[in-house]
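This report describes helix packing, nonpolar cores and salt bridges in one protein model. The sequence and structure are shown first.

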Amino acid sequence: MGEYIALLGNVHVAAKDGAQILGGISLQVYRGDRVLVTGPSGSGKSTVLRTLFGVETLRSGEVRLLEKDIHSFASSQRTKLIAEHVGVGFQAPNLDPGFNVWQNIVSLYEGIRRGRPPLDRLAALAVAFGLQNKLKRPVAQLSGGEKQRTALARLLLPQPDLLLLDEPTSMIDSGVAGKAAVYDVLDNMAGPDAALVIVSHDREAERIATRRIVMADGLAAEVMPGQTGQEFPAHIQGYAA
């Protein structure tokens, strides 16, 4: 399928009390991938994302980013590698309340790239997310959906190789410029050489997905188009329809 950006190799992750969270996950994420991760609450979906950007302690297995074993690096080196190549977004937009929309969007780029952000790309993102008339507005005056779109624009501006998104449209209404439009922007503005791994319950996320991974009980299975319920692995039967 081409060059992989990230890899999980037989990864086991446990909680502090020893309870299994991930029970041997293997996953390769390729350039151009739009991987949709679904499954019931508590199945390990968000832990997969956290493992991909190196903040989970592994019981066993390996995590590779751009063919580098990230857990072989010192903590500061691992943080630098991930910051330069991975964009991470969770449900809470985590914007700086002292900044306006423009300042929030450019802050990540300036912190990573140490230079002036590309104004043409910034303008394109602002228009695509419907923020072009709100760039000077304090974030405290934004709706929840506007905050989430601002956070997504901030992640996309530096053009990371890998975007990890946990429920990226949870605050966004359906309808015109709604969830479907946001997924289209993510697909288009990420670029064909980048990969996205998206945890979402949104049906609209399926419009850009190239692959679908279903989690259950800390295990994962890839559901291929055309599969019937009888062909699903036992641990995801009832969740993969």
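## Terms and basis

Buried means under 20% relative accessible area, exposed over 50%, and partly exposed in between (1.4 Å probe, protein chains only). The model is predicted: local features need pLDDT of at least 70, side-chain atom pairs count only at pLDDT 80 or more, and totals for chains, interfaces and linings use all residues. Residues are numbered from 1 along each chain as its sequence is written, and side-chain values use heavy atoms, with hydrogens and water left out.

## Salt bridges

Twelve salt bridges are found in the whole structure, each being a side-chain nitrogen of Lys or Arg within 4 Å of a carboxyl oxygen of Asp or Glu. Glutamate 206 pairs with arginine 203, with 3.5 Å between the closest N and O atoms. Glutamate 206 counts as partly exposed because its relative accessibility is 37%, whereas arginine 203, at 60%, counts as exposed.

Glutamate 222 and arginine 211 form a salt bridge at 3.1 Å, N to O. Since glutamate 222 lies in strand β10 (residues 219-222) and arginine 211 in strand β9 (residues 211-216), the pair ties together parts eleven residues apart in sequence; helices (H or I, at least four residues) and strands (E, at least two) are DSSP runs, numbered from the N terminus. Arginine 211 is buried at 10% relative accessible area, while glutamate 222 is partly exposed at 32%. A network of salt bridges with shared partners joins Glu3, Arg31 and Asp161.

## Packing of α5 and α6

The axes of helix α5 (residues 144-156) and helix α6 (residues 179-190) come within 11 Å and cross at roughly 10°. Axes are lines fitted to C-alpha atoms, for helices over the stretch in contact, with angles from 0 to 180 degrees between N-to-C directions. The two helices are therefore roughly parallel, a class for angles under 35 degrees.

Arg149, Leu152 and Leu156 of α5 meet Val182, Leu186, Met189 and Ala190 of α6, where contact means heavy atoms within 4.5 Å.

## Nonpolar cores

A nonpolar core is a set of buried Ala, Val, Leu, Ile, Met, Phe, Trp, Tyr and Cys residues joined through side-chain atoms within 4.5 Å. The largest has 34 residues, of which Ile105, Phe129, Leu156, Leu165, Leu186 and Leu196 touch the most other members. Helix α6 supplies its largest share, six residues.

Notes: Angles under 35 degrees count as roughly parallel, over 145 as roughly antiparallel, 65 to 115 as roughly perpendicular and the rest as oblique.
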